[in-house]
Amino acid sequence: MNGTLRAAPRSALRAEIVTEEGEFAALAPAWGRLYGRCGAATPFQSHAWLYSWWLSYGTPGRLRLVLVREGDELRAVAPLMRVRRPLPALVPLGGSISDYGDVLIDDEYADRAAATLAEGLSLAARSALIDFREVRPGGAVERVYERWSGPRRRVRDSVCLELPALSMDGLVGRLPSSKAQRVRAKLRKLSALGIERRIVPPGEVDSALRRLLELHRLQWQGRKVTSEHLQKRFAEHLVRSVEPMVISGDAVVTEFRLDGAVMAVDLTLLSPRLAGGYLYGAHPDLRERKADVAVILLDACARHTEGDARGALSLLRGDEPYKHHWRPDPVVNQRLLLARRRTAPLLSAVVCDVLARSRGKQLVRRWRERGGDRS
């Protein structure tokens, strides 16, 4: 049920819960202003991304947006939904297709807004655990965690690899000389092939993203691929969310043409703290013509970080070997668990499960290192 969680004068901060999809949609202007005032925000907390995600993946009746208002202005938002399995919990909107989960808090009201948001979350949780997954270090929800009065726990989540916000020349300069020479040779090869780069304007984003998904399917044909990227609901979410993000400067879509044909399309997401290459599609013919797709994409992404205030060029989640060629720094996301006293057993159950899985992975890794998977 929607409602104000505690009465307060108009000039004071007050917490509310929104559960209706229509109200979620109507929050877009105020949400956008708050997003611009939260320095820790990533594109995965933008209204366009999360509202579109809800339309594709949400379950009616499960929406839980905890808002902190001052008058008509938003000072904090926790975009959550209620789940029942494996345990009753409030979890961030965005799900597995979002690399970072977080709340939004107005930097100028950080302490007061975080305290009020913590109160609102406690009341919203009721008999559920609050489970913030994939929080980037320095995320806004850390302020809520610090002010949480009940049981809480911080555990490791996914690894993201990050590079400094440098130009392509700067990134190449970080490599050992032999590797740097090979990358420069690949850049010269791309220039010789005549690959043209084009930023897609907002009115053409829809068709460009559909081409991206076609190329993505083609490049992974016959190989293991993230199955969700091939689903209709994912395509609808991407097309619906990215055009407004391009308009607001939170995303950029780039086409790469060869002999007049679009051979690759890249989607890079942007925020004040980072730029991250989210998804791309590339025609297999590029590799047959000795064009290094990884170099093409990193070169394009680096153009959105060089010379500005962004702190990082993120390769986002995943510890794939090819990413390590660029000597990135591992940045471990956090999982922040918040409970009330009566839901403390749920917190303990999740922590035990996390530790058991971590221990299991360590044992499997050691077994393989000792040759245990040899036939």
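Visitor: Which residue forms a salt bridge with Arg211, and how far apart are the closest N and O atoms?

Guide: In this predicted model, the partner of Arg211 is Glu214, and their closest N and O atoms are 3.5 Å apart. Both residues belong to helix α8 (residues 205-219), where they sit 3 residues apart, about one turn of the helix. Arg211 counts as partly exposed, at 29% relative accessibility.

Visitor: How many salt bridges does a search of the whole structure find?

Guide: The search finds 27 salt bridges. One of them pairs the side chains of Asp106 and Arg37, with 2.6 Å from N to O. Asp106 lies in the loop between β6 (104-105) and α4, and Arg37 in the loop between α2 (28-36) and α3 (47-57), so this pair ties together parts 69 residues apart in sequence.

Visitor: Let's turn to the core. Which residues touch the most other members of the largest nonpolar core?

Guide: The general idea is that nonpolar side chains tend to be buried together in soluble globular proteins. In this structure the largest nonpolar core has 94 residues, and those touching the most other members are Ile105, Leu117, Leu121, Phe132, Leu238, Val253 and Tyr278. Helix α4 (residues 110-125) supplies the largest share of this core, 8 residues. A second, separate core of 28 residues includes Leu161, Leu163, Val172 and Leu298.

Visitor: What does Tyr278 touch, leaving out residues up to four places away in sequence?

Guide: Its contacts include Phe44, Trp49, Phe234, Leu238 and Leu316, along with Asp99 and Thr268.

Visitor: And where is His304 placed?

Guide: His304 is in the loop between α11 (293-302) and β13 (312-317). This histidine is buried, with a relative accessible area of 16%. Beyond its neighbours within four places in sequence, His304 contacts Ile199, Val252, Thr254, Thr268, Leu270 and Arg310.

Visitor: Last topic: how many disulfides does the structure hold?

Guide: A disulfide is a covalent bond between the sulfur atoms of two cysteines. The structure holds 0 disulfides. For Cys160, the nearest cysteine sulfur is that of Cys301, 13 Å away. Cys160 is buried, at 0% relative accessibility, whereas Cys352 is exposed, with a relative accessible area of 51%.

Note on methods
Residues numbered from 1 in each chain as written. Predicted model: local features only at pLDDT ≥ 70, side-chain atom pairs only at ≥ 80, totals over all residues. Heavy atoms only, no water. Disulfide = S-S within 2.5 Å. Buried < 20%, exposed > 50% of the residue type's maximum accessible area, 1.4 Å probe, protein only. Core = buried A, V, L, I, M, F, W, Y, C linked by side-chain atoms within 4.5 Å. Helix = DSSP H or I, 4+ residues; strand = E, 2+ residues; numbered from the N terminus. Contact = heavy atoms within 4.5 Å. Salt bridge = Lys/Arg side-chain N within 4 Å of Asp/Glu carboxyl O.
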